[in-house]
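Dear colleague,

Please find below the sequence and structure that I am handing over to you. A summary of the findings follows them.

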Amino acid sequence: MRGLHADTGYLLYRLGLRSGQLFNTFLQESGLRLRHYAVLRFLATCEGALQRELSARLGYDPSAIVGLVDDLEKLGFAERRPAPDDRRSRVVALTEDGRAFLRDTDEAGRRVTDELLTPLAPADREALHTLLLRVAGNGLD
């Protein structure tokens, strides 16, 4: 393992897996997965988005977005509305129930992050976040 732990990319991959496991465990009660949560969090930042925009911004396959939005619609957390400038397109928007779900999960999300970053002091957590934002800004928008 020593060789793998010398590889920053591998460590990021493993950390991503662990983070996903923790988030999926906390979301399990609701029937959602991290991918659903990501869609909801993105929708909370805008007035709605086309499915192809969700696919591009979140890095998910377009066919996966369709299923995720279907699931969120069934739960009443998102809805498809006609696009104002193209009747054939649909905008996915967060509902009030979706906003309430996000508010209700804020504290649990912080606990997951705290568990993941337990070994780090607050200043180190801030530094890590700053560095991750810099890396994410380089192609992960």
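A residue is called buried here when its relative accessible area is under 20%. By that criterion, 28% of the 141 residues of the chain are buried. Please bear in mind that this is a predicted model.

Overall architecture

The chain contains 7 helices and 3 strands, and from the N terminus the order of its elements is α-α-α-β-α-α-β-β-α-α. The C-alpha trace spans about 55 × 30 × 25 Å along its principal axes. Among the contacts with a separation of 6 or more, 47% are between residues 24 or more positions apart.

Nonpolar core

In soluble globular proteins, nonpolar side chains tend to be buried together. In this chain, the largest nonpolar core has 24 residues. Val39, Leu40, Leu43, Leu54, Ile65, Leu72 and Phe101 are the residues with the most contacts inside this core. Two or more residues each are given to the core by helix 2 (8-27), helix 3 (34-43), helix 5, strand 3 (86-94) and helix 6 (96-116). Helix 3 provides the largest share, with 6 residues.

Val39 deserves a separate entry. Leaving aside residues up to four places away in sequence, Val39 touches Leu54, Leu58, Tyr60, Ile65, Leu68 and Leu72.

Packing of helix 3 against helix 4

The axes of helix 3 and helix 4 come within 11 Å and cross at roughly 110°. The two helices, helix 3 and helix 4, are therefore roughly perpendicular to each other. On the side of helix 3, the residues in contact are Ala38, Val39, Phe42 and Leu43, and they meet Glu53, Leu54, Arg57 and Leu58 of helix 4. By class, this contact of helix 3 with helix 4 comprises 6 nonpolar and 2 charged residues, with no polar ones.

Packing of helix 4 against helix 5

Helix 4 (residues 51-58) also packs against helix 5 (residues 62-75), at an angle of about 115° and with the axes 9 Å apart. That angle makes helix 4 roughly perpendicular to helix 5. The crossing of helix 4 and helix 5 is right-handed. Helix 4 contributes Gln51, Leu54 and Ser55 to the contact, while helix 5 contributes Pro62, Ile65, Val66 and Val69. The contact of helix 4 with helix 5 has 5 nonpolar and 2 polar residues, and no charged residues.

Leu54 links these findings: this residue is listed in the contact of helix 4 with helix 3, in the contact of helix 4 with helix 5, and among the core residues with the most contacts.

With kind regards

Note on methods: Residues are numbered from 1 along each chain as its sequence is written. This is a predicted model: local features need pLDDT of at least 70, side-chain atom pairs count only at pLDDT 80 or more; totals for chains, interfaces and linings use all residues. Side-chain values use heavy atoms; hydrogens and water are left out. Axes are lines fitted to C-alpha atoms, for helices over the stretch in contact, and angles run from 0 to 180 degrees between N-to-C directions. Helices (H or I, at least four residues) and strands (E, at least two) are DSSP runs, numbered from the N terminus. Angles under 35 degrees count as roughly parallel, over 145 as roughly antiparallel, 65 to 115 as roughly perpendicular and the rest as oblique. A crossing is left-handed if the near helix is turned anticlockwise from the far one by less than a right angle, and right-handed if clockwise. Contact means heavy atoms within 4.5 Å. Ala, Val, Leu, Ile, Met, Phe, Trp, Tyr, Cys and Pro count as nonpolar, Asp, Glu, Lys and Arg as charged, and the others, Gly among them, as polar. A nonpolar core is a set of buried Ala, Val, Leu, Ile, Met, Phe, Trp, Tyr and Cys residues joined through side-chain atoms within 4.5 Å. Buried means under 20% relative accessible area, exposed over 50%, partly exposed in between (1.4 Å probe, protein chains only).
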